[in-house]
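Work through the exercises below with the structure at hand. Each task is followed by a solution in steps.

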Amino acid sequence: MKTSTRITLNTATNWAYSGLRALIQLAMVPFLLEKLGTSGYGIIGLVGVIVSSTELLDMGLRSGLGRHLAFEIARKDYRRFNELASTGLATYLILGSLFASACIILARPIAALFKVPPELVNQAVFLIRVYGGLSILVYFLQPVFNATIIGENRFDIRNYLDMGYTVVQGGLLFAVLGLTSYGLMGYTLVSSGTLVLSLLARVWAAKRLWPSMRLSPRFVRLDAFKPMLSLGSKLFVFHLTRFISIRSDPIIITRFFGPAGVALYTPGLSLPAMADQIIGGFRGQLETVATRFHAVGEKARLHALLIRGTKYTLLMGIAACVILGVFAHSIIKVWLGRRLGESYQITAWFMVGWSVVYLASYAAGTQWAVLMAVNRMNFITKLNVASGIINVLASIYLAGFTPLGVLGVIIPTAILANITRPIVSIHTARVCGLPVRRYFWEAYARPLVVLVILAAIGLALRFAVNPQTLLSLAACVAAVALAWLPLCWWVGFDKEDKKRFGGIADGIRKKIGLSPRNGRVPADSPPQTPSPAGTADDEESDLPC
């Protein structure tokens, strides 16, 4: 399958999964608030922080393994793949078991640290021990199998598995919590069971995709561990500072305001995070493509991927961030106003802040993919160390010692995200030998014009209509989305973009039996120079980027 076709399929299935997940989450958040209360819902969010924080404890091996497995898949080095995969799994099994055991043993002190209300302590301890401990173990075991699926550029399969997990978990939660009074106990049992099923499904899929996978102690080698640790140690520092600057927010909020404060914070993050799942589906898969280009020395294609990947990611992100940022108060009031009361305004301001943060993230485009592909993470790691320290100190001060209160945690995050973004953009262009002026002009100029025009349209609708009902809100959102489409085509895209996407659209129409535009047969991509031996799948690459 052509690379562009594969990316289109991967992106489409990711959008389908993200849309499904968003619908379930939109119904799930008010449902959980009603069944568990604000403190119970806040406890679930805190357990999520505990589990995700274990990402810091693997010394970055997870990300390092993913990059190296993709590299060996591109070279079709089966033995080296098995050595890396077996060594990674053995390492993860040891680390996961240790950290899961620590979570089980320290469950009660953790509940006390998070100021869990006395009436919920026993349920919270059960949740932390069972779901938290199991989640940590699964979190460490999944990377080998996820990396194999992604290394084959089969994000569509991963998306299908995620869809199944989301539907089964959501359906069981609605049934168990809706029909019983099990509360956090019921949430724990349902979430733990579906998590195990998800792991087994990924094991099966990875082995079907890569039949030569052999996970055995005889493949565990020290020289396979070293390259993972070399890259991983840099990523460890990067993820540590990311945790400090972003994921520590719920912990800071809990220390000053208890779990109820987290219940106001989490919904404000959830919708921007859902949008990021959709947009990240396009951006995330390009890390594998960038690694392949670097592995076979295709520098021009790496430049094209950086430029057009950045442009397309930012254009997609602009629509989501404008809608969520401009209409945040209306969205939260319609969605959760009945359950949060006047406190919905705090949640709405969190959504505004996270929309700003994610917009800066979308401006990064495929920079992370390129830096990972060429294994140049030193500068971005040092920059994130500095910004992370500043962020957490400023968040503690603003949240705990100023009238801003709980909202103080989001302000430093938003400011620093927009300060560091142009610095990283310049660095990435220089690393891959792309003129900075060309990168900024071709990747950012048109999307920024789209942003200004679309934000003006959104603000005009916000103040003219001031939507207070679901119908008026839906109409305003639809109007912004409809304005975004022609803006992307006529302002955001240049002639080359229109040609590429037009060709892809013609190809899709032809595959489903429809006539191409204007009765034309879609033009084939220009002849490509054959890739050097070792390029993955020997595919014809006609990337739209």
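**Exercise 1.** How many residues does the largest nonpolar core have, and which of them have the most contacts inside it?

Solution. This is a predicted model. Its largest nonpolar core holds 142 residues. Those with the most contacts inside the core are Leu32, Ile43, Leu127, Phe350, Tyr439 and Leu454. Helix α11 supplies the largest share of this core, 16 residues.

**Exercise 2.** List the contacts of Tyr439, leaving aside neighbours within four places in sequence.

Solution. Tyr439 is in contact with Leu306, Ile307, Thr310, Ala364, Gln367, Ser425, Ala429, Leu434 and Tyr444.

**Exercise 3.** Is Ser192 buried or exposed?

Solution. Locate the residue: Ser192 is part of helix α7, residues 184-209. Its relative accessible area is 7%. Buried means under 20%, so Ser192 is buried. Not counting residues up to four places away in sequence, Ser192 touches Val130, Tyr131 and Leu134.

**Exercise 4.** Describe the setting of Asn466 and its backbone.

Solution. Asn466 sits in the loop between α17 (436-465) and α18 (470-492). Its relative accessibility is 35%, so Asn466 counts as partly exposed. Phi of Asn466 is near 50°, a positive value in a residue other than glycine.

Technical notes:
Residues numbered from 1 in each chain as written. Predicted model: local features only at pLDDT ≥ 70, side-chain atom pairs only at ≥ 80, totals over all residues. Heavy atoms only, no water. Core = buried A, V, L, I, M, F, W, Y, C linked by side-chain atoms within 4.5 Å. Buried < 20%, exposed > 50% of the residue type's maximum accessible area, 1.4 Å probe, protein only. Helix = DSSP H or I, 4+ residues; strand = E, 2+ residues; numbered from the N terminus. Contact = heavy atoms within 4.5 Å.
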